[in-house]
Amino acid sequence: MPDEPIIHLEVRAATLAELKSYTDEIQADLGCRATAVRRDGDYVVDAYLPEAKIDAARNVRAAQNVAIRVVENATEVGRQRQQEVGDGNRFAARGEIPRGLGRKE
């Protein structure tokens with residue numbers, strides 16, 4: 001489903017083995033190089049799942065060893081951030097000197 005929201009989760013476990021077991025079981029998107037960081041005595045990693053799969057992820061066998069926290073709706077945050085980007089061509093006006101890293105013609 002292309003319009004299904006993607007949810008940003010924080011997954012926390014006491015050991016790396018528990019964290020890896022859980023993330024392997026749910027098959028979440030952990031990014032290019034998932035790196036677990038040590039926070040407050042636990043290992044924490046960011047994960048991204050479609051909204052429809054969150055309930056299933058909370059009920060897998062390895063879920064008893066981890067804590068899952070919803071951080072944000074990443075799809076909605078992305079849409080809000082896209083509103084910050086202009087839709088015009090800032091290099092179109094010939095009388096002005098372009099600024100930034102664009103190619104100067």
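This report walks through the fold of one chain, from its overall layout down to a few single residues.

## What you are looking at

This is a predicted model, so local features need pLDDT of at least 70 and side-chain atom pairs count only at pLDDT 80 or more, while totals for chains, interfaces and linings use all residues. Residues are numbered from 1 along each chain as its sequence is written, and side-chain values use heavy atoms, with hydrogens and water left out.

The chain has three helices and four strands. Here helices (H or I, at least four residues) and strands (E, at least two) are DSSP runs, numbered from the N terminus. Starting at that end, the elements go β-α-β-β-α-β-α.

Of the 105 residues, 23% count as buried. Buried means under 20% relative accessible area, exposed over 50%, and partly exposed in between (1.4 Å probe, protein chains only). The chain's accessible surface comes to about 8,000 Å², and carbon and sulfur atoms own 47% of that; these areas come from the Shrake-Rupley method with a 1.4 Å probe, and for residues only the protein chains shown count as cover.

Contact means heavy atoms within 4.5 Å. Take the contacts with a separation of 6 or more: 72% of them are between residues 24 or more positions apart.

## The sheet

The four strands make an open sheet, in the order E2-E3-E1-E4, with antiparallel pairing. Two strands pair if DSSP finds at least two bridges between them. E2 (37–39) and E4 (66–73) sit at the edges with a single partner strand each, so one side of each has no neighbour in the sheet. From one strand to the next, the twist averages 40°. For angles like this, axes are lines fitted to C-alpha atoms (for helices, over the stretch in contact), and the values run from 0 to 180 degrees between N-to-C directions.

Zoom in on E2 and you find that it pairs with E3 (residues 42–50) in the antiparallel sense over three bridges. Val-37 stands opposite Val-44 in E3. In the loop between E2 and E3 is Asp-40, which has a positive phi of about 55° although it is not a glycine. Asp-40 is exposed, with a relative accessible area of 73%.

## Helix H1

H1 (residues 16–26) lies across E1 (6–13), E3 and E4, and runs at about 5° to E3. Its buried residues are Leu-19, Tyr-22, Thr-23 and Ile-26. Looking down the axis of H1, these fall within an arc of 95°, so they line one face of the helix; the arc is that of the directions from the helix axis to the C-beta atoms. The buried residues of H1 pack against E1, E3, helix H2 (54–58) and E4. On the face turned away from that buried side are the exposed residues Ala-17 and Lys-20.

Gln-27 belongs to the loop between H1 and E2, and is exposed, with a relative accessible area of 63%.

## Helix H3 and Thr-75

H3 also lies across E1, E3 and E4, running at about 25° to E4. Thr-75 is part of H3 (residues 74–82). Leaving out residues up to four places away in sequence, Thr-75 touches Glu-4, Pro-5 and Ile-6. The side chain of Thr-75 reaches the backbone nitrogen of Ile-6 at 2.7 Å.

How values were computed:
Polar contact = N/O pair within 3.5 Å; in protein donor to acceptor, adjacent residues only side chain to side chain.
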